[in-house]
Amino acid sequence: MSAPGHRRASKTRPPRARSRWRTAATSDPLDLYERSVQDPPSECDFVEQVWGEFHSARRRSRPARRCMVIREDFCGTAAVAIEWVRRGRGRRAFGVDLDQAVLARARMLAARRLSPAMRRRLTLLNADVRGAAAPRADAILALNFSYFVFKTRAALRRYLRGVHQSLKPGGLIILDAYGGSDSFTETREEQDFDGFTYVWDQHSYNPVTHEVINHIHFRFPDGSELRRAFTYDWRLWTLPELRELLAEAGFRSVTVYWEGTDEDTGEGNGEFSPSTRGEACPGWVAYLVAAR
Ligand SMILES: C[S@@+](CC[C@H](N)C(=O)[O-])C[C@H]1O[C@@H](n2cnc3c(N)ncnc32)[C@H](O)[C@@H]1O
């Protein structure tokens, strides 16, 4: 498995043609973020996978219940919520973010990607995730480590309790986390995309508190750069801490989904399955899934 980068460095992506060179002046950081960091179809596939696994294991004789309503916390441009409502009638999504500017961007993307009928099933809320007034959901997602902004056990447990109360019975919380020996170092990782280079900069790491400052920079072929396009001031939570906090917040069946390994490359293969044993590799991304 490879180093995680911000997100899907370990997922295989088809190479894209270098059809169009970009520059810092002509680029929008949110657009580059979406191109380099996010993979909404994979996230929605994962929601469907774990929903099936959790509910088939527990279904017994009851008819299958479908996951229809998701809430994407820390949604930013709401890429996952938009993909979710695109996937079929009856599906609803709520996106929650504090930042009015990124939500404006999400509305623009929704207008471009969704029909008016689909847009009616998407609700964007400018709110704190700890107090969002959304109806109860089947699944609540906090992805790309965004909940790492909560730096104490008390603060994170409060958020998780709120999520627990906001789920329908049997509903799922889906989080991701990163770690591995490289995550405890101050290092940079670069990845080339179509017309730009993504730089994941683990700028500082404090072993006493596990506080980290990470930046994303974007570099361009003409030598221009968007330095510190995004900055994250986080606590790097470990999987055992997160499992314990989820249980303390009332969740049951707390399950870690570990990424499989591609036999040819030795890298992550983008497929995640329940596991009680990980691999002591330099960098990994895993999911935690738990049920109300
Ligand atoms: C790393 S971005 C995540 C974007 C997207 N969810 C993703 O998966 O890439 C973090 C987002 O969380 C938002 N945010 C931070 N603290 C928040 C809070 N307490 N409540 C709601 N949104 C918050 C920020 O405004 C920012 O848009």
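Biologist: Contact means heavy atoms within 4.5 Å, so with that settled, what covers the buried residues of H7?
Modeller: Bearing in mind that this is a predicted model, the cover over the buried residues of H7 includes helix H6 (153-166), together with strands E5 (167-179), E10 (252-261) and E12 (284-291).

Biologist: And which residues of H7 are buried?
Modeller: Helix H7 spans residues 239-248, and Leu239, Leu242, Leu245 and Leu246 are buried in it. Viewed down the axis of H7, its buried residues fall within an arc of 125°, so they line one face of the helix.

Biologist: What follows H7?
Modeller: Gly250 follows H7, and its phi is positive, near 110°.

Biologist: You mentioned H6; how many residues does H6 have, and which of them are buried?
Modeller: H6 has 14 residues, and the distance from its first C-alpha to its last is 20 Å, close to the 20 Å expected at 1.5 Å a residue. Its buried residues are Leu156, Tyr159, Leu160, Val163, His164 and Ser166, and what covers them includes strand E1 (69-73), strand E4 (137-142), E5 and H7.

Biologist: Let's turn to E1, then: how many of its residues are buried?
Modeller: Five of the five residues of E1 are buried, so the strand is largely enclosed by the rest of the structure. Both of its faces are covered, with Val69, Arg71 and Asp73 buried on one side and Ile70 and Glu72 buried on the other.

Biologist: Which way does E1 run against E2, parallel or antiparallel?
Modeller: E1 and strand E2 (residues 92-97) run parallel and are joined by five bridges, with Arg92 of E2 as the bridge partner of Val69. Between these two strands the chain passes through helix H3 (residues 79-86), and this β-α-β crossover is right-handed.

Biologist: And how many bridges pair E1 with E4?
Modeller: Four bridges pair E1 with E4, also in the parallel sense, and Arg71 stands opposite Ile140 of E4.

Biologist: Changing topic, which residues other than glycine have a positive phi?
Modeller: Among them are Phe74, with phi near 55°, and Phe145, with phi of about 65°. Most residues other than glycine have a negative phi. Phe74 is found in the loop between E1 and H3, while Phe145 is found in the loop between E4 and H6.

Biologist: Is Phe145 buried or exposed?
Modeller: Phe145 counts as buried because its relative accessibility is 0%. Phe74 counts as partly exposed, because its relative accessibility is 21% and buried means under 20%.

Biologist: One more topic: what is the order of the open sheet of four strands?
Modeller: That open sheet has the order E6-E7-E8-E9, and its pairing is antiparallel. Its edge strands are E6 (188-193) and E9 (225-235), each of which pairs on one side only, and neighbouring strands are turned by 15° against each other on average, direction ignored.

Biologist: How many bridges are there between E8 and E9?
Modeller: Strand E8 (residues 211-219) and E9 pair over eight bridges in the antiparallel sense, and Ile213 stands opposite Asp233 of E9.

Biologist: Which helix lies across those strands?
Modeller: Helix H1 (residues 29-36) lies across E6, E7 (196-206), E8 and E9, and it runs at about 65° to E9.

Note on methods. Residues are numbered from 1 along each chain as its sequence is written. This is a predicted model: local features need pLDDT of at least 70, side-chain atom pairs count only at pLDDT 80 or more; totals for chains, interfaces and linings use all residues. Side-chain values use heavy atoms; hydrogens and water are left out. Buried means under 20% relative accessible area, exposed over 50%, partly exposed in between (1.4 Å probe, protein chains only). The arc is that of the directions from the helix axis to the C-beta atoms. Contact means heavy atoms within 4.5 Å. The expected span of a helix is 1.5 Å times one less than its number of residues. Two strands pair if DSSP finds at least two bridges between them. A crossover is right-handed if, with the strands pointing away from the viewer, the path from the first strand over the helix to the second runs clockwise. Axes are lines fitted to C-alpha atoms, for helices over the stretch in contact, and angles run from 0 to 180 degrees between N-to-C directions.
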